[in-house]
Amino acid sequence: MGPEEQLKCEFLLLKIYCYSEINILKESPRDNNQSKETSQCMKELMMFNEIKKKLNEWSYPQVREFVQDMYLIFQKQRTCNKCNYYGLMGIRLEAEFEKNFSEVFAVQATDENSSLV
């Protein structure tokens with residue numbers, strides 16, 4: 001991955017950090033009985049720190065590996081059956097990531113009826 005792609009990936013991760021932090025503080029469940037389940041699901045969010053570490057160490061040879069790690073976290077959040085709030089957070093984070101990725105990497109949706117010929 002080149003320096004420009006590296007910066008774009010770092011920027012995407014920062015946007016996800018900001019988005020998740022705002023939503024967790026704003027909407028986090030306040031039920032003390034769910035603290036154990038909530039803490040387990042919060043561990044999934046902390047996995048973003050591992051991606052940050054890998055980016056800082058330039059451990060991603062291609063953007064694809066970065067994206068795969070991001071989707072792995074979103075998948076784990078969705079499957080967190082013990083607390084629906086964080087499962088839904090995973091879905092929202094994934095949608096936000098996809099939107100930001102398309103903007104940052106200037107990816108345009110393709111029209112099924114368009115011809116590449």
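## A tour from the cysteines to the aromatic core

Begin with a search of the whole structure for disulfides: the count is 0. Keep in mind that this is a predicted model. Select Cys 9. Its relative accessibility is 0%, so Cys 9 counts as buried. Now select Cys 18. This residue is partly exposed, with a relative accessible area of 42%.

**Stop 1: helix H4**

Select residues 63-78, which make up helix H4. Check its length. The 16 residues of H4 should span 22 Å at 1.5 Å a residue, and the end C-alpha atoms are 23 Å apart, which agrees.

Next, colour the buried residues of H4: Val 63, Phe 66, Val 67, Asp 69, Met 70, Ile 73, Phe 74 and Gln 77. Turn the view to look down the helix axis. The buried residues of H4 fall within an arc of 160°, so they line one face of the helix.

**Stop 2: two aromatic pairs**

How many aromatic pairs does the structure hold? There are 9. Take Tyr 71 and Phe 74. They form an edge-to-face pair, 5.9 Å centre to centre, with 85° between the planes. Both residues sit in H4, 3 residues apart, or about one turn of the helix.

Is Phe 74 buried or exposed? At 0% relative accessibility, Phe 74 counts as buried. Tyr 71, at 29%, is partly exposed; the cut-off for buried is under 20%.

Phe 74 and Phe 97 form a tilted pair, 5.7 Å centre to centre, with 55° between the planes. Phe 74 lies in helix H4 and Phe 97 in helix H5, so this pair ties together parts that are 23 residues apart in sequence. Phe 97 has 1% relative accessibility and counts as buried.

Now widen the selection. One aromatic cluster is formed by Tyr 17, Phe 48, Tyr 60, Phe 66, Tyr 71, Phe 74, Phe 97, Phe 101 and Phe 105.

**Stop 3: the nonpolar core**

In soluble globular proteins, nonpolar side chains tend to be buried together. Here the largest nonpolar core has 21 residues. Which residues have the most contacts inside it? Select Phe 48, Ile 51, Phe 66, Met 70 and Phe 97.

Show the helices around them. The elements that give two or more residues to this core are helix H1 (3-27), helix H3 (48-56), H4 and H5. H4 gives the largest share, 6 residues.

Centre on Phe 48. Leaving out residues up to four places away in sequence, Phe 48 touches Leu 13, Ile 16, Tyr 17, Met 70, Ile 73, Phe 74, Gln 77 and Leu 93.

**Stop 4**

Move to helix H5, residues 84-104, and pick Glu 94. Why does Glu 94 count as buried? Its relative accessibility is 15%, and buried means under 20%. Show its contacts, again leaving out residues up to four places away in sequence: Glu 94 touches Tyr 71, Phe 74 and Arg 78. Tyr 71 and Phe 74 are the edge-to-face pair from Stop 2.

Finish with Glu 96, also found in H5. At 17% relative accessibility, Glu 96 counts as buried. What does Glu 96 touch, not counting residues up to four places away in sequence? Select Ile 16 and Tyr 19. Ile 16 is also one of the residues that Phe 48 touches.

Technical notes:
Residues are numbered from 1 along each chain as its sequence is written. This is a predicted model: local features need pLDDT of at least 70, side-chain atom pairs count only at pLDDT 80 or more; totals for chains, interfaces and linings use all residues. Side-chain values use heavy atoms; hydrogens and water are left out. Helices (H or I, at least four residues) and strands (E, at least two) are DSSP runs, numbered from the N terminus. Buried means under 20% relative accessible area, exposed over 50%, partly exposed in between (1.4 Å probe, protein chains only). Contact means heavy atoms within 4.5 Å. Rings of Phe, Tyr and Trp (its six-membered ring) pair if their centres lie within 6.5 Å; planes under 30 degrees apart count as stacked, over 60 as edge-to-face and the rest as tilted. A disulfide is a pair of cysteine sulfur atoms within 2.5 Å. The expected span of a helix is 1.5 Å times one less than its number of residues. The arc is that of the directions from the helix axis to the C-beta atoms. A nonpolar core is a set of buried Ala, Val, Leu, Ile, Met, Phe, Trp, Tyr and Cys residues joined through side-chain atoms within 4.5 Å.
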